[in-house]
Amino acid sequence: MTLKHIFAIAVAVVAFASCSNDYEVDNLNGLTVSSSYVSLPLAGGANNVNITSNDAWELDTTGTVVKGKKWLEFSSLSGNAGESTLTIKAEATENGRSAEVKLKSGNLVQRINIIQGLPVATPATCAEVIAGPDAKTYMVTGTVTTISNTTYGNFYLADKTGQIYIYGTLDKNGNEKNFASLGIEAGDEVTVSGPKSTYGSTVELTNVTVNKITKSLVKVDSVYVGDKKSSNLPLEGGEATAYVTCKGGGLTVSIPEEAKSWLSMSALKQSGQSALITFKATKNDGGARSATVSFTSGKSTVTSTITQDGSIKDVNLGEFKASAEDQSQYRITALVSKVDAKGNFWIQDYTDLSGEIEAYKPSGNTKGIKVGDIVTVVGTHSSYKGVAQIGSPVVEKVESVKAVSLGEFDNQADGTLVIIKGKVGEVKNDKFGNFYLEDKTGKVYVYGLFGYGAPKGTTDRQNFMKDHGIAAGSTITVVGPKTTYKGVSQLNGGYFVSAE
């Protein structure tokens, strides 16, 4: 929001209007407020609005939520007929901010505009924004590297000091969802102003105003691998060809120093404003890799990322969490600890029983995945709010478990993978995890309890019960195959799922 918009809110008198029989004005018969404009100091504080209503009223504070966070406090969100006082409060902030709330009573609506200080944009580099406080408004000049949403105007902005994310861009009239009207493209240099927020580990400026656009003199039109439009090279190596338009005269191509061991430029052909650049990659014996190549013409620079497939590394969750966040592919076999309504699932194994590793938006063999299933999933190491996450997960295999009661256990065929829940009864050996699991329907002998994936013949299969506080009386859920030993049914090798 620009200073012009803030000033307009501060001095405007809300005009009478009607829509679907809702009436919005400052002074209504049946619903009045002492002021439709409330000012709060930057240092924090409170202000009051007196409400007079013929009927019960309620406050719609949706407009005060920014990325799930509320910065305003209200003494009440509803009230009865008659006179009442609404107190609006905010904590101190580094820079100005504003919001709008709706006061509703029957079919009557009043709008209350709230402003805390005035947002004055502070000129800054990307590094200064990253190091600065949330809610402060900054003005930053940088190059548009990648545009991720062309409706709202979400893109990455970089300068020599770093990179930030722009989450929402207003058009020339201060409207949202009209980014295309600005004509901004990757490679353009722009100056934007907006408040900082931090979403997970991503530093953002939100709903920015564009102060200046300098069109780029260079543009990557497309990249091909063979006859396919792609910038991803196979593991065996090969060539990628970039088609570039350059209006600044000559063209300079730069490959990052750390990528020169495997990526080189084998040809550069330029005719007028058109250029063709061929890159060659060697065979990749490691994990997936990438290089961000720069193209400079005149004073403009754009980048394009060239990737190469790599071998898939088989790891456990402990090794996965310790790996770097890059394009390397990992294969993990683990036990499903949680599944949400959208099909995302979380996994655990003996190296990490937290169950916090999420496979976000999985593809592949995902149908019917449930808690207790054993899955093999391939993906990259990414993170969300500082927690490791499987990026672009593809499910290769699912060993489905069958949920049965303890009384139904004996009737299952040997080899059936089951998930059972009960209370720990007699413990035969807590070093190796041999005990009876009981409920009202029956009891099952569990021969061995440990985290999924613990290697045979190692100490990782020992003292699991002691180490995790599992004893007689504990209620636990376990997964394992139904077997028969000397004519007696048992669960041979129990994978711990959870305890209550």
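**Pocket and salt bridges**

Modeller: Strands here are DSSP runs (E, at least two residues; helices are H or I, at least four), numbered from the N terminus. Keep in mind that this is a predicted model, where local features need pLDDT of at least 70, side-chain atom pairs count only at pLDDT 80 or more, and totals for chains, interfaces and linings use all residues. Residues are numbered from 1 along each chain as its sequence is written, and side-chain values use heavy atoms, with hydrogens and water left out.

Biologist: Which strand gives the largest share of that lining?

Modeller: β16 does, with eight residues.

Biologist: And how much space lies in the pocket?

Modeller: About 990 Å³. A pocket is an open set of points on a 1 Å grid over the protein atoms alone, where a 1.4 Å probe fits, with protein on both sides within 12 Å along at least five of seven lines; lining residues have an atom within 4 Å of a point. The volume is the space filled by probe spheres set on the points, which are joined across faces, edges and corners.

Biologist: OK, switching to charges. How many salt bridges are there?

Modeller: The search of the whole structure finds 15. Each one is a side-chain nitrogen of Lys or Arg within 4 Å of a carboxyl oxygen of Asp or Glu. One of them pairs Asp60 with Lys104, at 3.9 Å from N to O.

Biologist: Why does that pair tie together separate parts of the sequence?

Modeller: Because Asp60 lies in strand β7 (residues 57-60) and Lys104 in strand β13 (residues 97-105), 44 residues apart in sequence.

Biologist: What about Glu396?

Modeller: Glu396 bridges to Arg331, with the closest N and O atoms 2.8 Å apart. Glu396 sits in strand β36 (residues 387-399) and Arg331 in strand β31 (residues 329-339), so this pair links parts 65 residues apart in sequence.
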